[in-house]
Amino acid sequence: MLAAGRLVAFPTETVYGLGGDATCDRAVAAIFEAKGRPSFNPLIAHVASVAHAAALVEMNAAAHRLARLFWPGPLTLVLPRHPQSPVSLLASAGLDSIAVRMPDHPVALALIAAAGRPLAAPSANRSGAVSPTTADHVARCLGGRVSTILDGGRCRVGVESTVVDLTGPCPVLLRPGGVAVEALEAALGAALLRSTDSPDAPRSPGQLDSHYAPSLPVRLNATEAKAGEALLGFGPLPPGAAAASLNLSPTGDLEEAAANLFAMLRALDRPERAGIAVMAIPGHGLGLAINDRLRRAAAPRGR
Ligand code: TXA
Ligand code: MG
């Protein structure tokens, strides 16, 4: 399928990806089309080894260090395009950098190796909607638009990879994700710049304000559900919590909460309800990525 330029959805440890041959313009165009994604938003090239990445991008010392410590795993590195890189310019949206990642999932790694080429793979949802963490989510969202869906069960991490830009003099965090910023800063021995720290700092074009959004309005830092609202809890629920409530982690475990986040947002997103009220989540570790996704889910729509 991939060799013929068709699309294959596959599991990774973070979320399901909508995969196509990253070296084939036609396949990459089909990904943008299936997602309804603006073509200025570049895709991640998924690889099965560090050597494979080094053929696509110029790996610098920081990239080698982070890859050695965190690959395979939920970390995406943005690096200068290798002069001989076979990756489609459409996949990198015409930028002179490419985002690369080696996922930590046996099905994903076997698929990339069998395809014998890098796979461009955004999350396998329509642009702006909640990311899929099961094969069933993919089928509901993209069913008719993908040739094959590989079912690897539930994704272990549940939020997308952390995206770090290593093209400049200082590493910049473009998207918080499955590797905690604290772990990256410890590995680099330096603070990660935030893409919001400086107006000149690079930004992930994908970080539009409204994203990861269910159909219902989302209200953050709730202490209880108002009439008609469903409650998405974290830690102990308030006494007399709404019947329509789910708990990201009753014990307050951020990794458990990340793994449950997208599936629970989907489960609570039912037309008979007025909205989804979400309790406060601490900001450290995976909490940074969870709060990033929730803030975008709650952002005004239509962007
Ligand atoms: O966990 C993940 O990263 C998942 C799985 C399937 O691997 N993929 C994923 O892809 O989340 P996507 O397309 O939904 O998000 C990729 C992010 C976007 O914010 C995009 O703008 C950014 O990476 N990105 C990709 N290439 C870039 C580049 N050259 N420079 C800056 N940002 C880039
Ligand atoms: Mg996405």
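Modeller: Before you start, residues are numbered from 1 along each chain as its sequence is written, and chains are lettered from A and ligands numbered from 1 in the order in which they are written. In this predicted model, local features need pLDDT of at least 70, side-chain atom pairs count only at pLDDT 80 or more, and totals for chains, interfaces and linings use all residues, while side-chain values use heavy atoms, with hydrogens and water left out.

Colleague: Thanks! How many helices and strands does the protein chain have?

Modeller: Both are DSSP runs numbered from the N terminus, helices being H or I of at least four residues and strands E of at least two. By that count, the protein chain has eight helices and 14 strands.

Colleague: What is the radius of gyration of the protein chain, and what does the globule rule give?

Modeller: The radius is taken over C-alpha atoms, and the rule is 2.2 Å times the number of residues to the power 0.38. The chain is as compact as a globular protein of its length, because for 303 residues the rule gives 19 Å and the radius of gyration is close to that, at 19 Å.

Colleague: What share of the residues is buried?

Modeller: Buried means under 20% relative accessible area, exposed over 50%, and partly exposed in between (1.4 Å probe, protein chains only). Of the 303 residues in the protein chain, the buried share is 53%.

Colleague: In what order do the strands of the open sheet run?

Modeller: Two strands pair if DSSP finds at least two bridges between them. The sheet has 10 strands with mixed pairing, and its edge strands, β7 (148–149) and β10 (193–194), each pair on one side only. The order is β7-β1-β2-β6-β3-β5-β4-β8-β9-β10.

Colleague: Is strand β4 largely enclosed or open, and why?

Modeller: Strand β4 covers residues 75–80. Five of its six residues are buried, so β4 is largely enclosed by the rest of the structure.

Colleague: Which residue in β8 is the bridge partner of Leu-77?

Modeller: β4 has four parallel bridges to β8 and four bridges to the antiparallel β5 (residues 97–101). On the β5 side, Leu-77 stands opposite Val-100. In β8, its bridge partner is Val-164.

Colleague: And which residue in β9 is the partner of Val-164?

Modeller: Strands β8 (residues 162–165) and β9 (residues 172–175) pair in the antiparallel sense over three bridges. In β9, the bridge partner of Val-164 is Leu-173.
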